[in-house]
Amino acid sequence: MNIFFYAASPTTAGQKYYQRTLGMDGIGKCIELPAGCEFNTPGALQMNSHDILLLFAAGDEDLRQLQLLADDLEDFQIILILDGSNRNLLDKGYRLKPRLVCQGEQDLSLLEQFLTRICNRKLRVSSH
Amino acid sequence: MTEILLVDDDPSLLKMAHRYLQRAGFTATCSTTLAEGQLIGKNGRFDIVLLDVDMPDGCGLDVIQSFLNLPSQPEVIIFTGNGAVDGAAKAMQKGAWSYIEKQHFIRDINLHLTRALQFRAEKQTLKICPVALQRKHIIGNSEPLNKCLDQVARAAPADSGVLITGQTGTGKELFARAIHANSERARGNFVVVDCAALPASLFESLLFGHVKGAFTGAESTRNGLIKAADKGTLFLDEVGELPLEIQKKFLRVIQERRYLRLGETREQHSDFRVVAATNRDLDQMTEEGAFRQDLLFRLRAFTIDLPPLCERMDDLRELTRTFTSRLCDRFQLDGKGVAPDLFDCLASYEWPGNIRELKQVIEQTFANARSFPTLHSYHLPEQLRIHCAQAGLGEHKISGPGKEIFSPGTWPEYKNQCERHYLNNLTRTSGGNIKEACRLSGLSRARLYELLKKHDITLASGRD
């Protein structure tokens with residue numbers, strides 16, 4: 001299982017979260033997809049269904065863009081990272097059916113624990 | 001012709017109403033007691049029941065449901081001499097179509113009958129039309145799949161808990177989404193709770209929410225997943241992993257739809273529906289004390305047991321073509337063909353990872369065949385190509401699980417042989433211990449017993 005990071009638009013906040021993800025222990029490699037691409041780049045060919053996809057949305061417009069891609073996103077395990085804890089954003093974010101929503105930097109520790117548990121689970125299943 | 005059953009203990013009123021209805025072109029039958037009315041109802045095909053409230057053998061309001069449940073499922077109109085407001089409310093709550101007063105019978109009955117019959121006609125049309133089930137991404141038309149879709153159609157409009165069981169990769173979340181999409185809660189959120197991946201220390205706070213300062217690090221007040229699912233569906237994925245202490249608290253929430261955020265004393269409300277999924281044997285977990293029985297009862301008002309892919313191989317071609325076509329759409333390519341040799345190869349494999357595994361294989365095959373107009377078996381991942389080559393060694397020699405077996409017959413015959421072979425090995429390896437056999441196979445106890453019975457294998461002695 002691979003982990004991919006995708007931001008709806010290129011922002012410094014998105015880069016910051018990607019870098020923080022790279023530094024997380026126990027989750028292996030995290031591949032960054034070009035921000036704003038439409039999941040049809042050669043890099044996206046590496047994506048398999050059920051892979052983990054970290055989606056970053058800096059604001060309302062980003063979420064709207066992600067929702068336009070919702071059909072392509074359904075095959076992946078979505079983790080939504082929102083820049084901040086805007087309740088309105090959060091409510092719209094659930095339309096992407098994420099397995100976890102992280103609101104701002106304060107949730108990065110939660111994200112790390114969550115990813116570690118998913119990766120460990122995968123290892124347990126594979127070694128069965 | 002419309003048939004009406006009149007249930008009233010007043011003979012003069014019955015006579016008047018009977019005459020009036022007959023003249024109006026209806027067929028009317030009379031009864032002076034509730035018991036007699038129900039007996040007549042069971043043997044007739046009534047469209048409407050006109051039911052009095054005060055009857056010598058009981059209250060009409062208390063038996064509305066039993067009249068609604070008659071074979072012809074008639075509409076019930078209450079008619080009473082006492083037009084009390086609370087009686088009307090009670091009648092409506094119990095499913096009556098309308099409520100009229102006897103003194104206005106002649107004035108009102110036509111309008112009530114017309115509307116009730118119009119409604120009934122529409123209801124019957126709906127029954128005849130197949131339910132237009134939204135089944136996004138649920139692909140196939142095999143008998144086992146259609147059975148599950150029927151269950152989705154039945155479960156979706158109800159508001160009760162649904163438990164979806166099945167092996168890993170059979171599409172449990174997809175079915176949970178279909179239940180949500182076909183329910184009246186479709187406009188609300190579909191909120192996933194990944195019970196296996198949420199850290200135990202944060203589970204309660206994530207589920208119920210917390211107020212600022214409730215614990216170290218609670219910098220602001222936050223609603224939990226239960227609140228996010230208000231007017232929507234809460235999907236408990238891998239519910240067997242739900243910590244025991246949370247199970248107790250969660251049971252109260254689904255009973256009362258009320259809960260406390262961490263650090264708060266004022267109760268919150270959330271109107272959500274629960275759909276849960278697991279690949280574990282929750283009955284066995286209940287026996288072992290690892291899962292609460294009362295919670296299990298709440299979760300499985302409906303149960304949908306998804307078949308593994310090997311039991312719906314009739315869907316293999318459609319699944320393969322659809323996955324390929326979706327990939328073509330995603331990568332903005334013209335359609336790609338699928339060569340027969342690829343289908344043959346896919347059909348010779350057992351798919352222990354089910355549809356998820358098939359999908360991933362197609363994705364890898366697609367990536368390998370990026371510039372080819374057709375997917376061939378050559379493009380399959382190496383491991384599967386080797387399997388396919390081994391399966392094709394010798395005339396009709398197919399590699400089964402563990403050793404090679406001769407199988408000149410059809411796919412169901414081959415699958416049957418493999419299944420039997422597997423079960424014999426499993427009983428030997430597990431030493432006839434059902435718990436161990438379930439653990440090794442990942443099958444539920446009920447499913448394993450079912451398979452053992454099918455192949456006439458006893459746990460004590462696996463045999464070929």
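Reply:
**The largest cavity**

About 40 Å³ of space lies in the largest cavity. The model is predicted: local features need pLDDT of at least 70, side-chain atom pairs need 80 or more, and totals for chains, interfaces and linings use all residues. Residues count from 1 along each chain as written, chains are lettered from A and ligands numbered from 1 in written order, and side-chain values use heavy atoms, without hydrogens or water.

A search of the whole structure finds one cavity of 30 Å³ or more. Here a cavity is a set of points on a 1 Å grid over the protein atoms alone where a 1.4 Å probe fits but cannot get out. Its volume is the space filled by probe spheres set on those points, joined across faces, edges and corners.

The lining takes residues with an atom within 4 Å of a point. Chain A gives A:A44, A:L45 and A:M47; chain B gives B:L327, B:R330, B:F331, B:E363 and B:F366. Two elements give two or more residues each: helix 13 (316-330) and helix 15 (354-368) of chain B. Helices are DSSP runs (H or I, at least four residues), numbered from the N terminus. By class, the lining has six nonpolar, two charged and no polar residues. Nonpolar means Ala, Val, Leu, Ile, Met, Phe, Trp, Tyr, Cys or Pro; charged means Asp, Glu, Lys or Arg; the others, Gly among them, are polar.

Now the helix contact. Heavy atoms within 4.5 Å make a contact. Helix 17 (residues 411-429) and helix 18 (residues 434-441) of chain B have axes, fitted to C-alpha atoms over the stretch in contact, that come within 9 Å. The axes cross at roughly 125 degrees, on a scale of 0 to 180 degrees between N-to-C directions. B:Y422, B:L426 and B:T429 of helix 17 meet B:A437, B:L440 and B:S441 of helix 18. By class, this contact has four nonpolar, two polar and no charged residues.

Definitions and conventions. 1 Å grid on protein atoms, 1.4 Å probe; cavity = no way out; pocket = protein on both sides within 12 Å on 5 of 7 lines; lining within 4 Å.
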